[in-house]
Structure formats: structure tokens, C-alpha cells
Amino acid sequence: ADNIQDGLIIMENGNIIYANKRIAEITGYSIKELWAIKPIGIIAPEYRKKAEEHARAVEAHPEKSRSLQTCIVRKDGEQRFVYTRVSGVRHHDRFYNFIVFTDVTEHQAQEARIAESEQRFRMMADNIQDGLIIVEHDKIVFSNRRIKEITGYTTDEIAKKGIHGTLRTDDIQAIADSGIVPVTDKCRIEELFKKVRPDSPEPCEFKIWIRRKDGMRRYIHGKITAAEHGGITSFYITISDVTDFAEREKALRERIDALQDLLH
């Protein structure tokens, strides 16, 4: 018990009769000092009410194992997040509680850093001018605000429909015109993923006409890049709506063709 990574307190009829070395390291109190206090006394004030409710539930059903994530205040005033598991056993007229403490402060801090990083990413992604779709394991795991404006679909609809359902095109040849995918009846944007190598500096590009949810046709220019992390390959698809440019280019070509007809 003195060499496990978790803190351990054993209570007999509500009194501490044993605490291992690790619990002293986590709490900052010596084992002698722990004899004089109850575990609830080291819980941070804002977490104490919940801890007391937890303690009452343990008393009501002492044989039932329970767990609680809470915050303690060390002797030096530092707060530490701990995950506690409580189990109990009765022996004749005595009841024993075994309280195991795992210090999860660093894990909590890491989760907070990850959450903050994800929030910054979402703020950045939602404010860029291009649409952005992230695909992992053949599923859309993220789509930004701009992609919803381009396609007319909500976030849930985009996730449910997938790439082919979101970027609907009536013209299979249009995807093949990218010069990368051969013309087949199964020609889809997903086929482009096979041509993209993780961390390659050269993106895979395509230009196609799609239909929005409301049926309106839009001409888009897409770029696909990929990155691998932790064995997971993420595909990043950035999409620009170039419909106005395409329509102006089409009108210009029609005027040139008409002029050439007149000259001939």
C-alpha cells in the first residue's frame, strides 16, 4: 500500500486508521496530521457540498462502491483535482471504508489546454473566407460556418450526408475534368482522397458545379490536403465559391464566340 501510485485512506467506523505515503504527498499533510482530520476537511469549499452528499450516499449504502471527481486544498493552500473511489466492508460491529485518491490535476490541465486550443481553432476556422470540411475515417468531423453558407446545409445535415451528399453534382464528368479521377459511374470527390498523401505540400484540386440545398447551382474550387497524427489521417478540404467568376468567364466566352461568328 505504501508503494502504489494512488493515495489510500482506510477508515474504521468513521475514523482514519491508516493513510499511505502517497496520500501525504498529494495532500501535503503528514500522516500524523491526517489522523486529526476527516477526509471531508481537505475538500475545497466550493466542492464540499457535493462531497458531503456523496458521503451521505456512502453512509446510506456503505457496501456500494462509489466514485467522485473533486478538488482538495493541500496544506500549503494549493488546489489539486483528485478522482476518488470509495468502497466499504462490514466486519462484525465495525465498518471499514477504503478511499483511493488519484491526482488528476495534470490531466485536468491538459484537457483545459486542449479545449482552449480547440476553441481557438473553431474561432479561426469560422472566420476564414473559405469553406472548410475535415474528414476522418470517411466521416465529416468538422465543417465551418462558410461551408454552411455555400451549401445551404446545417452542420448536422453535412455530417449526416457526407462529402458526396453535401457537394451534390449532377455531372460526373465535371469531377473527372479535374484530370485526376478517371471517368466511371462511381466517380466521386472521395476518390480524390486516394491521390492525397499526408503532409504533401501539393494539394489535390478540383472545380465542379454543385447544387445547394435550395437547388441553386454554385461553381466551387476545392483543395484537399491531408495530415496524419496518432495513426489517424485527417483530410482538410477548403472550398471557394467562384460562381460569379465562372459566370463572368462564361459570358465573356459567349461574346467572343459571337464576335468570331460575325467575323466569319
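**Exercise 1. Find the loop that holds aspartate 138, and decide whether aspartate 138 is buried or exposed.**

Step 1. Aspartate 138 sits in the loop between E6 and E7. Helices (H or I, at least four residues) and strands (E, at least two) are DSSP runs, numbered from the N terminus. This is a predicted model, in which local features need pLDDT of at least 70, side-chain atom pairs count only at pLDDT 80 or more, and totals for chains, interfaces and linings use all residues. Residues are numbered from 1 along each chain as its sequence is written, and side-chain values use heavy atoms, with hydrogens and water left out.

Step 2. The relative accessible area of aspartate 138 is 74%, so aspartate 138 is exposed. Here buried means under 20% relative accessible area, exposed over 50%, and partly exposed in between (1.4 Å probe, protein chains only).

Step 3. Now look at the backbone: aspartate 138 is not a glycine, yet its phi is positive, about 65°.

Step 4. Histidine 137 is also found in the loop between E6 and E7. Its phi is near 55°, a positive value in a residue other than glycine. With a relative accessible area of 60%, histidine 137 is exposed.

**Exercise 2. Describe the largest pocket: what is its volume, and which residues are closest to its centre?**

Step 1. Start with the space: the largest pocket holds about 560 Å³. On a 1 Å grid over the protein atoms alone, a pocket is an open set of points with protein on both sides within 12 Å along at least five of seven lines, whereas a cavity is a set of points where a 1.4 Å probe fits but cannot get out; lining residues have an atom within 4 Å of a point. Grid points are joined across faces, edges and corners, and a volume is the space filled by probe spheres set on the points.

Step 2. There are 22 lining residues, and Met11, Pro39, Ile40, Ala55 and Ile99 are the closest to the centre of the largest pocket.

Step 3. Sort the lining by element. Helix H3 (45-60), strand E3 (66-73), strand E4 (79-91) and strand E5 (94-103) each give at least two residues. The largest share, 6 residues, comes from H3.

Step 4. Sort the lining by class: 13 residues are nonpolar, 6 polar and 3 charged. Ala, Val, Leu, Ile, Met, Phe, Trp, Tyr, Cys and Pro count as nonpolar, Asp, Glu, Lys and Arg as charged, and the others, Gly among them, as polar.

Step 5. For a closer look at H3, pick glutamate 52, which has its place in this helix. Glutamate 52 counts as partly exposed, at 35% relative accessibility. From glutamate 52 to isoleucine 40 there are 12 residues in sequence and 7.3 Å in space, C-alpha to C-alpha.

**Exercise 3. Step back to the protein chain: why is it more spread out than a compact globule?**

Step 1. Count the elements: the protein chain has 9 helices and 10 strands.

Step 2. The radius of gyration is 31 Å, well over the 18 Å that the globule rule gives for 264 residues, so the protein chain is more spread out than a compact globule. The radius of gyration is taken over C-alpha atoms, and the globule rule is 2.2 Å times the number of residues to the power 0.38.

Step 3. Along the principal axes, the C-alpha atoms fill a box of roughly 110 × 35 × 35 Å.

Step 4. Finish with burial: 33% of the 264 residues count as buried.
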